[in-house]
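The entries below follow the order in which I checked them.

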Amino acid sequence: MDFSLPESLGKTLADIRAIVDHDVIPLEEEFGKTGLFSKVEPALKEVRAKVKARGFWAPQLPREVGGMGLTLMEHARVSEELGRTTLGHYAFNCQAPDAGNMEILMQFGSDAQKDAFFAPLARGDVRSCFSMTEPDAPGSNPTWLKTTAVKDGSDYVIHGHKWFTSSADGASFAIVMAVTNPDAVPHMRASQIIVPTSTPGFRIVRNIPVMGHSGDSYASHAEVKYEGCRVPQANLLGAEGAGFAIAQERLGPGRIHHCMRWIGICERSFELMCRRAATREIAPGKPLGTKQIVQSWIAECRAEIHAARLMVLHAAWKMEQKGAHAAREEISMIKFFVANVLDKVLDRAVQTHGALGMTDDTPLAAFYRHERAARIYDGADEVHKEVVAKRVLKAHGLVVG
Ligand SMILES: Cc1cc2nc3c(=O)[nH]c(=O)nc-3n(C[C@H](O)[C@H](O)[C@H](O)COP(=O)(O)OP(=O)(O)OC[C@H]3O[C@@H](n4cnc5c(N)ncnc54)[C@H](O)[C@@H]3O)c2cc1C
């Protein structure tokens, strides 16, 4: 494994950092304080135009569809840079959930689906959402989904109740996970179906308040009802019953992107923490950083962030070399390990800032509000730990069902 940066990527990262520092970070204060994305959307539109003009648009997409054509390892590095602010990925059109939706549309979409749904998403003309989790079924075991899509003539008719459909507010379409084959084996019951949000029966009940903010537009998590949504069967993504297989494809690279984004947040929070430790005097001539316990936090954060980055790059390398399936254990390991490093680094950064850490005068509170969920979405810690432990135990002769 060679984790050194190619020279050309080093220059790209420096250019991207300059845009993030100069154009994106100044917007985060307004967003952090209100939680309202609509307040910064017009300014971000201008930043997006600049990003496109400079050739940094959609780093994760191939060049032939307007992206930068980076490898997973290269995009991982870019994702870390963009993660330094909550608005970074959106500014460069590689934000969740759109990036994952672009990926599965590119991989599994028909030509007509690519024209109608992928192309406008790749251009950044529209947004989308991914609608799987339900309030009345455990997201950790999605084979129990209750939402159904029943064939009627040449259509599917969808009934269901979802929540935490991130970014549904203002999205032009949802990719919905629904049971199409109730009698099949559990992992073959559900399919992914594209539902334009203009479809009669698609109803956003509310943007769910999350840690005090309901948010809006891209930065929101909606409760959604599908009340007899009728869409053509041509909106089925991939094969019928392949919903979980496609979801797995989506989650592999998605977890690399998320983990590197979290490392970007860790680095920014760590920077703020160290600056505060070096300048906040707790007695004349005695900054916080002279205290051994603060030094211990700093050393632990530095080591943990470093370890987390190497683990993610290794997982990305393995995925590139051997495919997502071969890297399954590594992907589960980084998902819970990096989410917990993020949690600890953020917590220590807040603690170092004292009361200031609880305010919205630094980005730390917004980071915490948005990212405590890292240990829950895309598979809770415990689910990923179970995956790793089962594989380890199997090698010792214990097969856990
Ligand atoms: C901010 C945010 C954004 C999200 N965005 C989306 C989105 O865009 N689209 C979407 O479809 N979903 C989204 N989700 C939903 C997310 O994927 C689910 O919350 C997640 O899968 C967990 O499901 P659940 O909430 O139903 O928890 P449950 O399945 O009810 O689990 C609750 C808790 O039980 C524990 N647990 C679960 N399984 C096990 C186990 N096997 N062993 C031990 N303990 C276990 C874990 O601690 C877990 O946190 C989002 C969630 C959040 C918080």
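**Entry 1: G83 and A91**

I looked up G83 and found G83 in the loop between α3 (72-82) and α4 (88-91), where helices (H or I, at least four residues) and strands (E, at least two) are DSSP runs numbered from the N terminus. I note that this is a predicted model, in which local features need pLDDT of at least 70 and side-chain atom pairs count only at pLDDT 80 or more, while totals for chains, interfaces and linings use all residues. Residues are numbered from 1 along each chain as its sequence is written.

Is G83 buried or exposed? G83 is buried, because 26 other C-beta atoms lie within 10 Å; buried means 20 or more other C-beta atoms within 10 Å of the residue's own, exposed 12 or fewer, and partly exposed in between, with C-beta atoms placed from the backbone. Leaving out residues up to four places away in sequence, G83 touches G88, M260, R261, W262, I263, G264 and I265, a contact being two C-beta atoms, placed from the backbone, within 7 Å. G83 and I263 are 180 residues apart along the chain, yet 7.2 Å separate their C-alpha atoms.

I then turned to A91, which lies in helix α4 and is buried, with 27 other C-beta atoms within 10 Å. Residues up to four places away in sequence again not counted, A91 touches V24, L44, V47, R48 and V51.

In the loop between α4 and α5 I found P97, joined to A96 by a cis peptide bond with omega about 0 degrees. Further along, helix α6 (residues 111-123) has a kink of about 35 degrees at F117, shortly before the proline P120; the bend is the angle between axes fitted to the seven residues ending at a residue and the seven starting there. F117, F118, L121 and A122 of α6 are buried, and their cover includes α5 (98-108), β1, β4 (173-179) and β5 (190-196). Just after α6, G124 takes a positive phi of about 85 degrees.

For β1, I recorded that both faces are covered, with S128 and F130 buried on one side and C129 and S131 on the other. β1 and β4 pair in the parallel sense over four bridges, pairing requiring that DSSP finds at least two bridges between the strands. The bridge partner of C129 in β4 is A174.

**Entry 2: two positive phi values**

Most residues other than glycine have a negative phi. I noted F164 in strand β3, with a positive phi near 55 degrees, and F164 counts as buried because it has 21 C-beta neighbours inside 10 Å. M211, in the loop between β6 (202-207) and β7 (221-232), has a positive phi of about 45 degrees, but with 12 C-beta neighbours inside 10 Å M211 counts as exposed.

**Entry 3: the ligand shell**

Which residues come nearest to the ligand? Of the 19 residues around the ligand, these are M132, G139, S140, S166 and E382, a residue being near if its C-beta atom, placed from the backbone, lies within 6 Å of the molecule. β1 (128-131), β3 (155-166) and α12 (381-395) each supply at least two residues of this shell. Domain 2 (128-237) and domain 3 (244-395) each give at least three, the bounds coming from an automatic or database domain assignment.
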